[in-house]
Amino acid sequence: MSAVRAIAGRELRAFFLTPGGYVIAALYMLVNGWLFVRYIFNPGEVATLRPIFTFSMLAFMLICPAVTMRMISEELRLGTLETLLTSPVRSAEIIFGKYLAALGFLAILLAPTLVFVVALEVYGRPDYGELACGYLGVLFAGSVYLASGILASTLTASQVVAYLITVLFWIIVLLGTKGLLQTDVLPVAWQERVGDVVIAADPTMRLVDFAIGLFDSAHVVYFASLTLVLLIAAVGFLETRRWR
Amino acid sequence: MITAQRLTKKFGIFLAVDSVDFEIGKGQVVGFLGPNGAGKTTTIRMICGYLRPSEGRVLVDGHDMAVEPRRGQRQIGYLPESAPLYTEMRVEEYLAFRAKLFGVPRRTRARAIGEAVGRCSLGEVRKRPISQLSKGYRQRVGLAAALVHQPPILILDEPTSGLDPTQIRELRGLIRELAGNHTILLSTHNLAEVELTCDQVIIFARGQVRAAGTIDQLRTEAAGESRYIVECDATGAPKVLKALPGVGSVESLGGEGTWQRFTVTAHNGSQDLREAIAKAIAQTGGSVRELHREAPSLERLFMRILEEPT
């Protein structure tokens with residue numbers, strides 16, 4: 001466990017020692033601030049952060065792969081992966097440490113939005129259950145994007161390729177599920193059964209539920225297990241590096 | 001400390017390491033010698049658990065690296081070729097990170113880092129970011145990182161490549177210092193380096209171990225014959241020398257006045273002929289001005305091995 005902490009700590013610090021982390025954080029906060037003053041912080045408006053949650057769930061699809069793209073790829077390119085894999089550390093500890101660091105970075109990214117919560121409390125009566133549910137949804141969305149980004153990063157020594165694989169994957173998933181449901185490409189006999197599977201696999205509907213404060217334990221199981229599966233796959237691919 | 005048994009690594013159809021066997025004992029300083037692409041780095045990577053062997057196995061301090069790799073890895077301090085480092089970190093931070101990875105307990109961590117810093121003379125740069133350091137310093141940071149968990153085994157892959165002559169001399173000095181209480185395995189394509197730092201050599205070529213032994217053993221083997229240089233003033237010297245047991249040929253190297261120089265070549269395995277030569281010359285009434293045996297060079301053996309067909 002101390003190895004996980006060491007790896008997570010090093011990764012998290014690396015974000016703040018390179019300009020990339022600050023650029024991402026600045027852009028994200030800028031948009032959040034604008035959303036808040038434009039759509040939320042108005043007289044008579046409902047005391048909620050829904051626009052910010054919805055935006056974050058989408059924005060994280062682009063931000064998370066940027067956070068994770070260098071995690072393994074860069075180590076591969078620089079050769080530092082050799083020092084990691086010859087340390088008495090399990091591949092799972094390496095992947096988990098990096099995942100925690102990325103999640104920590106998202107938490108740091110989200111922390112300033114708590115100012116909005118304070119503003120809502122001062123000027124209105126926010127529903128804290130809904131807010132907590134929204135934050136949870138944003139973190140879950142981030143969690144699966146990060147896990148998939150780390151998986152992509154184990155596949156290539158190129159950060160750009162790792163980024164593109166992840167973003168394209170999610171674009172295909174999101175557009176694909178919408179497309180399958182809304183167009184008539186499926187044979188009629190399959191529509192109902194395949195439709196159910198697609199709805200179950202689609203993360204967007206579940207994220208909308210979180211954003212509007214609808215807590216469903218099935219959603220929690222969905223995101224937690226999807227994260228776990230992606231991370232286990234990443235561990236597997238990292239392990240295969242030893243066989244090449 | 002390190003045992004390789006029929007160790008083999010295939011990359012696709014390319015046989016990088018071909019059924020290699022060797023044994024490295026505790027406290028030995030062993031050099032992997034061979035040209036680039038001979039399989040040294042691949043073998044080292046299998047020892048350190050970075051690559052899994054296609055066949056055969058490695059034991060590090062009795063731990064099979066395929067079964068309990070982390071046990072073995074704890075015993076090893078490894079400096080990969082080109083010393084990869086996280087350049088955004090400060091020297092001290094990096095050493096602390098490595099100490100944590102190797103499970104150095106918090107209580108002793110600061111002392112372990114201090115010792116590694118001292119050993120590798122990094123005192124002046126311990127607070128500097130690695131990105132600002134020269135190649136020589138980076139190599140030393142890599143070595144300090146390999147030492148920080150105080151492993152009994154040190155494995156250095158081409159530790160002197162890319163360094164300037166002063167840095168090379170310093171690093172060799174440091175390796176010799178560490179030799180006292182570590183088992184050291186270093187790889188190099190530089191023959192002089194092996195002769196200067198190692199007491200055992202394992203020669204690699206095309207993925208196979210072609211020769212192994214102490215430097216002296218290999219030198220004698222290398223010689224194939226021993227050569228003596230004699231300068232004397234005996235008129236019948238060539239005939240007398242030729243008559244000595246084991247002598248193959250006597251070659252004149254010319255001379256000045258009555259003093260003549262000869263090269264005497266003896267078969268391998270014959271005893272040291274220096275006394276016999278001196279006595280034989282004295283019996284003819286002549287005197288000897290110079291007599292020495294030429295040290296056989298490893299280079300000859302090395303070149304011969306490289307030229308051998310597989």
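The structure is a predicted model, in which local features need pLDDT of at least 70 and side-chain atom pairs count only at pLDDT 80 or more, while totals for chains, interfaces and linings use all residues. Residues are numbered from 1 along each chain as its sequence is written, and chains are lettered from A and ligands numbered from 1 in the order in which they are written.

**Chain A**

Let us start with chain A, which has 11 helices and zero strands. Helices (H or I, at least four residues) and strands (E, at least two) are DSSP runs, numbered from the N terminus. For its 244 residues, a compact globule would have a radius of gyration near 18 Å, and the 19 Å of chain A agrees with that; the radius is taken over C-alpha atoms, and the globule rule is 2.2 Å times the number of residues to the power 0.38. The C-alpha trace of chain A spans about 60 × 55 × 30 Å along its principal axes.

Axes are lines fitted to C-alpha atoms, for helices over the stretch in contact, and angles run from 0 to 180 degrees between N-to-C directions.

| Helix pair (chain A) | Angle | Axis distance |
|---|---|---|
| α3 (50-78) and α8 (159-182) | roughly 140 degrees | within 8 Å |
| α8 and α9 (188-201) | about 150 degrees | 10 Å |

With that angle, α3(A) and α8(A) are oblique to each other. Angles under 35 degrees count as roughly parallel, over 145 as roughly antiparallel, 65 to 115 as roughly perpendicular and the rest as oblique. The α3(A) and α8(A) crossing is right-handed; a crossing is left-handed if the near helix is turned anticlockwise from the far one by less than a right angle, and right-handed if clockwise. Residues making this contact include A:Met61, A:Leu62 and A:Pro65 of α3(A), with A:Tyr163 and A:Trp170 among those of α8(A). Two residues are in contact if their C-beta atoms, placed from the backbone, lie within 7 Å.

The second pair, α8(A) with α9(A), is roughly antiparallel. Here A:Thr177, A:Leu180 and A:Leu181 of α8(A) meet A:Gly195, A:Val198 and A:Ala201 of α9(A).

**Chain B**

In chain B, four strands form an open antiparallel sheet in the order β2-β1-β4-β5. Two strands pair if DSSP finds at least two bridges between them. β2 (14-24) and β5 (63-64) of chain B stand at the edges with a single partner strand each, so one side of each has no neighbour in the sheet. Strand β1 (2-11) of chain B pairs with β2(B) over seven bridges, and B:Thr3 has B:Glu23 of β2(B) as its bridge partner.

A mixed open sheet of six strands runs in the order β6-β7-β8-β3-β9-β10 (chain B). Its edge strands are β6 (76-79) and β10 (208-214) of chain B. β6(B) and β7(B) (153-157) pair in the parallel sense over four bridges. Helix α5 (135-147) of chain B lies across β6 and β7 of chain B, at about 165 degrees to β6(B).

**Where the chains meet**

The contact takes 19 residues from chain A and 20 residues from chain B. On the side of chain A, α1 (2-17) and α4 (80-85) each supply at least two residues, and α1(A) gives the most, with six.
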